[in-house]
Amino acid sequence: MAAPEAELVLKWEREQARLRESVKEEDTEDWQRSPDFSGLERVGGVDLSFIKGDDINACAHLVVLTYPHMKVLYEDCKMVTLNTPYVAGFLGFREAPPLLQALEKLKNVQPNLMPQVLFVDGNGLFHYREFGLACHLGVLSDLPCVGVAKNLLHVEGVVRSEEHQSQLNALQKSGDSFPLATASGRVLGKALRSSQSSIKPVYVSVGHRISLDTAVRLTHTCCLYRVPEPIRQADIRSREYLRCHVLISDIT
């Protein structure tokens with residue numbers, strides 16, 4: 001896919017800046033202020049999976065799980081065509097539309113199963129312009145959103161340095177975390193050891209309508225393994241759907 005014109009990137013930058021003003025970095029729900037998240041019953045996760053070698057056709061998947069037991073209440077998957085080009089730092093313009101459509105479908109079909117918080121495989125405020133995919137989805141859906149990334153994005157002086165590795169080594173037990181502070185001192189996220197069985201951290205940041213401390217605490221409670229279960233289930237199920245889709249296509 002051809003690189004977008006500079007004019008388009010400038011347009012996206014302006015749109016991100018406009019939407020960034022709507023991001024709420026504080027807790028907005030009663031359940032968020034409860035030590036055991038009393039009142040939270042449904043957590044959602046979204047994922048887009050691609051066929052190897054194809055960066056246009058993808059499977060958009062939404063799951064809603066019970067909290068705290070992590071049982072699947074609802075799932076929806078759909079093959080989608082992504083015509084918007086991929087540009088680093090602007091993932092929301094490419095991936096948010098089909099995921100928002102999945103949420104809107106659920107709202108229309110079974111509104112009682114709408115998630116009370118949405119986990120996104122990617123960053124929120126921990127982003128070059130403090131507006132990653134989790135912020136994009138959060139603001140446009142007006143749902144509390146948490147960004148959880150598996151890899152460290154290099155943002156404003158936060159890099160995989162010896163100091164960063166030393167901080168990772170200090171994460172001795174599940175639930176341990178440390179802040180991701182930029183060169184200016186602003187904390188945009190936290191590295192979290194989410195599982196005792198994995199020494200690899202996840203990187204948690206605010207998407208919308210939740211504080212960072214609450215986002216980290218909630219992420220930890222949703223981890224049966226390294227990755228929060230809503231994201232893990234969306235990923236597993238979208239990949240399985242793709243395998244079946246490719247198999248059927250090959251047969252026909």
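Predicted model: local features only at pLDDT ≥ 70, side-chain atom pairs only at ≥ 80, totals over all residues.
Figure 1. The closest N and O atoms of D235 and R239 are 2.8 Å apart. D235 is partly exposed, with a relative accessible area of 21%, and R239 is also partly exposed, at 45%. Helix α6, residues 229–251, holds another such pair, E229 and R232, which are three residues apart, again about one turn of the helix. For E229 and R232 the closest N and O atoms are 3.0 Å apart. E229 is buried, its relative accessible area being 2%, whereas R232 is partly exposed at 24%.

**Figure 2. A salt bridge between two loops, R209 with D142.** Side chains of opposite charge can pair when their charged atoms come close. Here the side chains of R209 and D142 meet in a salt bridge, with 3.7 Å from N to O. R209 belongs to the loop between β8 (202–208) and α5 (212–221), and D142 to the loop between α3 (133–141) and β5 (145–149), so the bridge ties together parts that are 67 residues apart in sequence. R209 counts as buried, with 14% relative accessibility, while D142 counts as partly exposed, with 44%.

**Figure 3. A network of salt bridges.** R20, E25, E130 and R186 are linked to one another in a network of salt bridges. The structure as a whole holds 17 salt bridges.

**Figure 4. Cysteines without disulfides.** A search of the whole structure finds zero disulfides. What keeps C59 from a bond with the closest cysteine sulfur? That sulfur belongs to C77 and lies 5.0 Å from the sulfur of C59, which is too far for a bond, a disulfide requiring sulfur atoms within 2.5 Å. C59 is buried, with a relative accessible area of 0%. C223 is likewise in no disulfide, and the nearest cysteine sulfur, that of C222, is 7.1 Å away. C223 counts as buried, at 13% relative accessibility.

Figure 5. Helix α2 comprises 19 residues, 91–109, and at 1.5 Å a residue it should span 27 Å. The C-alpha atoms at its ends are 28 Å apart, which agrees with that expectation. At P97 the helix α2 bends by about 35 degrees. Several of the residues of α2 are buried, among them G92, F93, R94, E95, A96 and P98. Further along α2, the buried residues include L99, L100, A102, L103 and L106. Which elements cover the buried residues of α2? The cover includes the helices α1 (6–20) and α3, together with the strands β1 (42–50), β2 (57–66), β3 (72–81) and β4 (117–121).

**Figure 6. Aromatic pairs around F37.** A pair of aromatic rings is described by the distance of the centres and the angle of the planes. The structure holds five aromatic pairs. In one of them, W31 with F37, the ring centres are 6.0 Å apart and the planes stand at 65 degrees, so the pair is edge-to-face, an arrangement that needs over 60 degrees. W31 counts as buried, at 5% relative accessibility, and F37 counts as buried as well, at 2%.

**Figure 7. A cluster of aromatic rings.** Ring pairs join W12, F90 and F93 into a cluster. F93 is also one of the buried residues of α2.

Figure 8. N169 is located in helix α4, residues 162–169. Is N169 buried or partly exposed? N169 is partly exposed, with a relative accessible area of 49%. The C-alpha atoms of N169 and K200 are separated by 9.7 Å, and the two residues are 31 residues apart along the chain.

How values were computed: Residues numbered from 1 in each chain as written. Heavy atoms only, no water. Salt bridge = Lys/Arg side-chain N within 4 Å of Asp/Glu carboxyl O. Helix = DSSP H or I, 4+ residues; strand = E, 2+ residues; numbered from the N terminus. Buried < 20%, exposed > 50% of the residue type's maximum accessible area, 1.4 Å probe, protein only. Expected span 1.5 Å × (residues − 1). Bend = angle between axes of the 7 residues up to and from the residue. Contact = heavy atoms within 4.5 Å. Phe/Tyr/Trp six-rings, centres within 6.5 Å; stacked < 30°, edge-to-face > 60°.
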